[in-house]
Amino acid sequence: MLSQDEQRDNLIPAEDELLPDFLPGPLDLYRKKASFNWKEMKVFLEGEDMVKFKKYVWTKLEEDPAFAHPSEDLTLDQQRELTFRRHKRFLEYDFLHDGDVMENPMKGIVIGDCVGMYDWSLSAKYSLNKQMFNTTIKSSGSKRHEEVANKSANTEVMGCFSLTELSHGTNTRAMRTTATYDPSTQGFIIDTPDFEATKCWIGNLGKMATHTVLYAQLVTPDGANHGLHSFVVQVRNTKTLKAMPGVMVGDMGKKLGQNGLDNGFVAFNKVWIPRESLLNRTGDVTPDGKYVTPYKDPNKRFGASLGALSGGRVGITSMAVCNLKLCMPIAVRYSAARRQFGPPGSAQEIPVLEYQMQQWRLLPYVAATYALDHFSRTLYMDFIQLRLGVMMKDKSERQDVLGREIHALSSAGKPLSTWTARDAVQECREACGGHGYLAVNRLGDIRNDNDPNCTYEGDNNVLLQQTSNYLLGFVSKLKDGTISSPLHSVDFLSDFPAIIKSTFPVSSAQDCLDPKVAVAAYKWLTCYLLDQSFKKLSGEKSKGKDPFSARNDSQVYYCRSLSIAYLEHTVVDRFYQLSHDETTPASLRPILQKLCCLYGLWALEKHCATLYQGGYFTEAKSVAWVRDAILQLCDQLKNDAVSLVDVVAPPNFILNSPIGMSDGQIYKNLWTSMLSAPRVLERPSWWRDFMDKPVIGSVKSKM
């Protein structure tokens, strides 16, 4: 008898079946012109094991009727129920074991992305219990919490993560739910002081969650408030799903997207929980009510208690990249198959991808997909490095510095990736014309499902302040050349004096085609904005403003732009290293270098005013050279576009878009979809009302 693992391994497709050729069709025109082998690219970027793992998961979903796509719209309750049943079925497959993640940490994030590309509601339901709830308990709790962690792993309990309140979100320190310790009962009294302190937007809580990791202000018997701490609290009976005594829990209702996920609210009326419910890694209360913590600095304890949010931001960065991997194949394949107009005298219409406008609208986002994908994967592995240090109880200075650097990178990485995906999906929707507006082609769902990524785990614009705060901390070291960090994202600041004096080193558009040009420009831009942001902040303080007001009045055009430039430099620089690394196959380097250059110049072009203002651009034609180079690269990448999206696209079943299918038969697939809709050829049920004609003017309002 084969073990479950051996059975699963036998189901993973053999190498020759791993990446079969696409069916012949309209897209062959471009696939045959590609300058690289898309299969080689996919295996290089993802790794053969990961390609096999994803194919295995996706094949199982496609073969299982439980995951069949609904043929018509569902009510809100039906969507909730469907996601619940799919989640239950998904767990029965047991695609990922703890040992798998230890062997290959990338599987930890790939499994969520794999499911998310199929349905983000299902992915969220899985990750909120498996990662946010379970992992937070393991990382923030102790041995006494192992039982509830194990129960969540096998879904004896269903977990969620309760931080946000009705009147507070980003300002976590101001959360008002309290946990007051009572030594006479050896427990905490959880209380919601008023309706504005109700916990809300909690995924999994609306209908299903039985337990939550609850963040509340810990108050000891002496009346001292020790700040926000996390507790494991039961909110529903595990047998009946009815609310526990003193707990009011409900569903928030319909959202703009991800309606299969039940976001809920919860309020507590002096609910008692045992002392052991406190997740005590960062702070604990003794039986007699004394507060103890291994942290001397309350700010460091607070940061450690919210460590799960950094992991969440890393995960959201990857989710946004997945949405790019969904929308770009749809729009590019459609543009390659769709023919409109042609040269005078020609009887043949040409694909809309041949038009410069369409190339300019779409291909920079293809480049962004590759650049941000590489950044996302490397950032995740950086985060794993940090988590391993936490598990090993590493208290070294390097561990502390690494944590701050990852916090800065994730706080800017989430905004950049989610905003890029937001803009890309909208551009793809419009680039596909009227057909892009049809719900069945999925661009609307992708747009709506990506939208909350810009808000949860920290509002994007507010998060960017975390990154600029990190960077401003280096200002005092700019002149002595001793700046370095574990991930090397700020090492270049050691050359600040030389960089700030440099100018744009090109004299033609051709010169801009070297990816080093964009990397060098971003080094200058980050240095310049760091200098200007510090001067702006100092200037605001010199006006007599307090630090809070001075920092608030230094965000627009200064600190915010600094954070974005720093992150874009990191993305471009990491992609540059990949595209020039000797371990990267020589056959793939040219196309990767073009993508790196296009993304770098396209992102840089948005900063042209600052580049002129600071004196980096010294020639009147500098912007023209950058823009000409962007258009040249779009033209050069045109014939590779279809193969580039073939690399990142999921299978047709997962992509679920008639105009985005890999065969390129956009009209046949769309027509089939239209005719397959329920009651498509039937007259409406209210057709008799049509026969009752209105009497025009019979209803007149009185003045």
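Predicted model: local features only at pLDDT ≥ 70, side-chain atom pairs only at ≥ 80, totals over all residues.
Visitor: Which residues touch the most other members in the largest nonpolar core?

Guide: Met328, Tyr370 and Tyr599 do, in a core of 156 residues. Helix α12, residues 307-337, gives the largest share of this core, with 16 residues.

Visitor: What does Tyr370 touch?

Guide: Leaving out residues up to four places away in sequence, Tyr370 touches Met41, Leu45, Phe575, Leu592, Leu595, Leu644, Val647 and Val648. Apart from that core lies another one of 23 residues, including Ile202, Ala209, Val233 and Val235.

Visitor: Changing topic, strand β1. Are its faces covered or open?

Guide: Both faces of β1, residues 159-162, are covered. Gly159 and Phe161 are buried on one side, and Cys160 and Ser162 are buried on the other. In general, side chains in a regular strand alternate between the two faces of the sheet.

Visitor: How does β1 pair with β5, parallel or antiparallel?

Guide: The pairing with β5, residues 211-219, is parallel and runs over four bridges. Within β5, Thr212 is the bridge partner of Cys160.

Visitor: And Val213, where is that?

Guide: Val213 is in strand β5. Its relative accessible area is 0%, so Val213 is buried.

Visitor: How far apart are Val213 and His229?

Guide: They are 16 residues apart in sequence, and their C-alpha atoms are 9.8 Å apart in space.

Visitor: Where does Val680 sit, and is it buried or partly exposed?

Guide: Val680 is in the loop between α27 (666-676) and α28 (687-691). Val680 has a relative accessible area of 38%, so it is partly exposed.

Visitor: How many salt bridges are there in the whole structure?

Guide: A search of the whole structure finds 34. One of the pairs is Asp64 with Arg89, where the closest N and O atoms are 2.6 Å apart. That pair links distant parts of the chain, with Asp64 in the loop between α5 (48-63) and α6 (76-93) and Arg89 in helix α6, 25 residues apart.

Visitor: Which of those two is buried, and which is partly exposed?

Guide: Asp64 counts as buried because its relative accessibility is 7%. Arg89 is partly exposed, with a relative accessible area of 33%.

Visitor: What about Asp194 and Arg176?

Guide: Their side chains meet in a salt bridge of 2.4 Å, N to O. Asp194 lies in the loop between β3 (187-191) and β4 (199-203), and Arg176 in the loop between β1 and β2 (178-182), so the pair ties together parts that are 18 residues apart in sequence. Asp194 is partly exposed at 30% relative accessibility, and Arg176 is partly exposed at 27%.

Visitor: Which residues are linked in a network of salt bridges?

Guide: Lys536, Glu540, Lys543, Lys545 and Asp553 are linked in a network. Within that group, Asp553 forms a salt bridge with Lys545, and the closest N and O atoms are 2.6 Å apart. Asp553 counts as partly exposed at 38% relative accessibility, and Lys545 counts as partly exposed at 29%.

Note on methods. Residues numbered from 1 in each chain as written. Heavy atoms only, no water. Buried < 20%, exposed > 50% of the residue type's maximum accessible area, 1.4 Å probe, protein only. Helix = DSSP H or I, 4+ residues; strand = E, 2+ residues; numbered from the N terminus. Pairing = 2+ DSSP bridges. Core = buried A, V, L, I, M, F, W, Y, C linked by side-chain atoms within 4.5 Å. Contact = heavy atoms within 4.5 Å. Salt bridge = Lys/Arg side-chain N within 4 Å of Asp/Glu carboxyl O.
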